[in-house]
Amino acid sequence: MGERSYFDWNATAPLRDAARVAFDAALAIPGNPSSVHAEGRAARRVVEAAREQVATLVGARAADVFFTASGTEANMAALTPAIEVAGDKRPRSGLLLSAIEHVSVRAGGRFPRTAVAEIAVNADGQVSLDALTEAVAQSPRPLVSLMLANNETGVIQPVAAAAAIVHAAAGLLHVDAVQAAGRIECDMARLGADLLTLSAHKIGGPKGVGALIRRGEDIHFPDPLVRGGGQERGLRAGTENVAGIAAFGAAAEVVRRERLAEAERMLALRDLLEAGLKALSPQAIIFGAGAERLPNTTLFALPGMKAETAVIAFDLEGFAVSSGAACSSGKVQPSHVLAAMGVSPPLTRGAVRVSLGWSTTTVDVERFLGAWRKLATALSKEPGIAA
Ligand code: PLP
């Protein structure tokens with residue numbers, strides 16, 4: 001491979017050095033964390049130290065962190081009508097989701113399809129608080145799930161304001177903070193989140209580890225998704241992924257320490273990238289530009305461009321970019337996020353996401369703009385795509 005620049009950090013981030021060290025060290029421990037002997041206790045110590053590190057990232061108590069096998073699984077575990085608060089066993093009447101949630105939330109968890117309702121977003125991709133107010137009025141004691149930042153546009157959602165609306169209706173708020181963690185502040189109390197989801201691989205931990213975090217011990221899940229040996233205080237059976245969890249904890253600690261400085265650096269690079277794009281292609285559209293966004297994310301389109309072609313062209317030039325959300329089939333699906341924002345289908349099909357991270361440099365961004373200068377004209381003349 002020639003020179004490459006990785007611009008797909010919202011799909012996954014490279015493993016942090018500290019995470020790799022913690023992973024390797026944990027692999028060397030032979031014990032099962034549920035065993036009482038010294039080897040087992042050593043593994044348990046590793047898991048509990050990581051629980052503390054992950055809790056600290058979101059201002060929670062370690063006892064409220066439940067490790068899962070992914071952000072997807074944490075979302076699925078959270079979204080259940082059976083969730084109890086302070087012993088109240090009445091099932092939740094319905095699930096309210098914004099129209100731009102990740103597919104793992106859009107799937108609706110364990111609510112019947114008929115009990116799930118969507119809340120509209122505005123043209124900048126922010127959830128409408130008026131629509132939320134109306135929706136909670138029609139769904140007593142709902143469970144509401146809102147992402148803190150969108151994976152495609154990076155648009156930050158008004159979660160704290162939403163929490164006040166949800167709580168006034170005796171509802172519970174679940175916050176998918178998978179993309180926000182490590183990039184903006186994610187303090188559960190300040191957000192007003194009752195439940196929060198994290199995923200290790202978006203912050204420099206390994207793929208295949210996540211966490212569901214509750215705001216306090218009054219919240220219970222009587223219907224765990226995975227039953228068996230009772231690990232993770234009964235929420236998630238199965239021997240813990242000790243090495244993955246250790247690495248998640250290490251990554252959480254690094255992003256907590258470096259977040260503010262990194263966010264400033266990211267923003268400067270993203271501004272450079274967007275200014276360059278606009279200078280070279282004044283007709284380029286940057287989605288969500290009118291709202292507050294994650295400092296690392298740009299989703300843009302050029303009239304007449306097809307995202308699949310653009311992604312391949314960039315790949316051949318040495319850049320890993322994406323056409324929105326990564327999906328397991330590798331196929332490009334039309335973005336439900338842009339559709340919810342009212343973007344026209346031809347523009348939606350041309351949206352390319354560039355997401356930056358801690359190893360991105362000015363040189364990467366300048367190289368990208370050089371490639372764009374070369375490719376833009378040809379890319380905007382895609383047959384069948386209206387310019
Ligand atoms: N939520 C959001 C907003 C995401 O972007 C992702 C992954 O892309 C997930 C949840 C799922 O996380 P995981 O890949 O760990 O299943």
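## Basis of the description

This is a predicted model, in which local features need pLDDT of at least 70 and side-chain atom pairs count only at pLDDT 80 or more, while totals for chains, interfaces and linings use all residues. Residues are numbered from 1 along each chain as its sequence is written, and side-chain values use heavy atoms, with hydrogens and water left out.

## Overall form

The protein chain contains 12 helices and 14 strands; these are DSSP runs numbered from the N terminus, with helices (H or I) of at least four residues and strands (E) of at least two. Its radius of gyration is 21 Å, close to the 21 Å that the globule rule gives for 387 residues, so the chain is as compact as a globular protein of that length. The radius is taken over C-alpha atoms, and the rule is 2.2 Å times the number of residues to the power 0.38. Along its principal axes, the C-alpha trace spans about 65 × 55 × 35 Å.

Of the 387 residues, 56% are buried, where buried denotes under 20% relative accessible area (1.4 Å probe, protein chains only). Among contacts (heavy atoms within 4.5 Å) between residues at least 6 apart in sequence, 73% join residues at least 24 apart.

Strand β4 (residues 95–98) is covered on both faces. Leu-95 and Leu-97 on one side, and Leu-96 and Ser-98 on the other, are all buried. In a regular strand, side chains alternate between the two faces of the sheet.

Two strands are said to pair if DSSP finds at least two bridges between them. β4 pairs in the parallel sense with strand β5 (residues 116–119) over four bridges, and Leu-97 stands opposite Glu-118 in β5. β4 also pairs in the parallel sense with strand β6 (residues 143–147), over three bridges. Here the bridge partner of Leu-95 is Leu-143 in β6.

## The antiparallel sheet

Strands β11, β12 and β14 form an open sheet in the order β11-β12-β14, with antiparallel pairing. Because β11 (285–286) and β14 (352–355) stand at the edges, each with a single partner strand, one side of each is left without a neighbour in the sheet.

Key:
Buried < 20%, exposed > 50% of the residue type's maximum accessible area, 1.4 Å probe, protein only.
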